Amino acid sequence: MTFDDYLSVWQKDAVMELSALDECARSVPLLHAKWWKYYATERLRFRKLDSEYKVLYRQKWEYFLGKMDDTERVQLGWPPLPLKILSQNVGIYIEGDAQIQEITLKRVYLEEILKFIEDVLKQIHNRNFQIKSAIDFLKFKNGV
């Protein structure tokens, strides 16, 4: 799912009808299970992508230092490196590499999704307090 998909699902799940607070209270465990499943799925996606990033980073490091085996380089479809890069400058070339930047953007995107889902889970954890506050307000409003 995309960030926008999660946002639209949460906009529906976040609604608490004052006339059905009992239903809202009963749905808290179901909401928690639903959003925990989303969180676990996205966390696994992030860990897989993070692992791919580390492998790619190592490959790029070896490539830019000229330490990569030619068979691996050909297998990856990378051209021979025409430059001699000093080891102190390798980080600059790695950070500027298009493949590294692409996977970094994906990692950042997944991190934002994870932060959003963590915040949703915090809201769900507090939902019973929100429901109690709504009930107390209704009692106050009705003079009870």
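What percentage of the 144 residues of the protein count as buried? The share is 31%, where buried means under 20% relative accessible area, exposed over 50% and partly exposed in between (1.4 Å probe, protein chains only).

This is a predicted model, in which local features need pLDDT of at least 70 and side-chain atom pairs count only at pLDDT 80 or more, while totals for chains, interfaces and linings use all residues. Residues are numbered from 1 along each chain as its sequence is written, and side-chain values use heavy atoms, with hydrogens and water left out.

**Figure 1. The helices of the protein.** The protein contains six helices and zero strands; helices (H or I, at least four residues) and strands (E, at least two) are DSSP runs, numbered from the N terminus. Read from the N terminus, the order of elements is α-α-α-α-α-α. The protein is more spread out than a compact globule, because its radius of gyration is 24 Å, well over the 15 Å that the globule rule gives for 144 residues. This radius is taken over C-alpha atoms, and the rule is 2.2 Å times the number of residues to the power 0.38. Along the principal axes, the C-alpha atoms fill a box of roughly 80 × 25 × 20 Å.

**Figure 2. Contacts and surface of the protein.** Among contacts (heavy atoms within 4.5 Å) with a separation of 6 or more, 72% are between residues 24 or more positions apart. The protein exposes about 10,000 Å², of which carbon and sulfur atoms supply 58%; accessible areas come from the Shrake-Rupley method with a 1.4 Å probe, and for residues only the protein chains shown count as cover.

Figure 3. Helix 2 spans residues 21–65 and includes Q59. With a relative accessible area of 12%, Q59 is buried. The side chains of Q59 and E72 are joined by a polar contact of 3.5 Å. A polar contact is a pair of N or O atoms within 3.5 Å; within protein, one must be able to donate a hydrogen and the other to accept it, and residues adjacent in sequence count only if both atoms are side-chain atoms. Apart from neighbours within four places in sequence, Q59 is in contact with M68, E72, L76 and W78.

Figure 4. A polar contact of 2.6 Å links the side chain of E42 to that of Y6. When residues up to four places away in sequence are not counted, E42 touches M1, Y6, L110, I113, L114 and I117.
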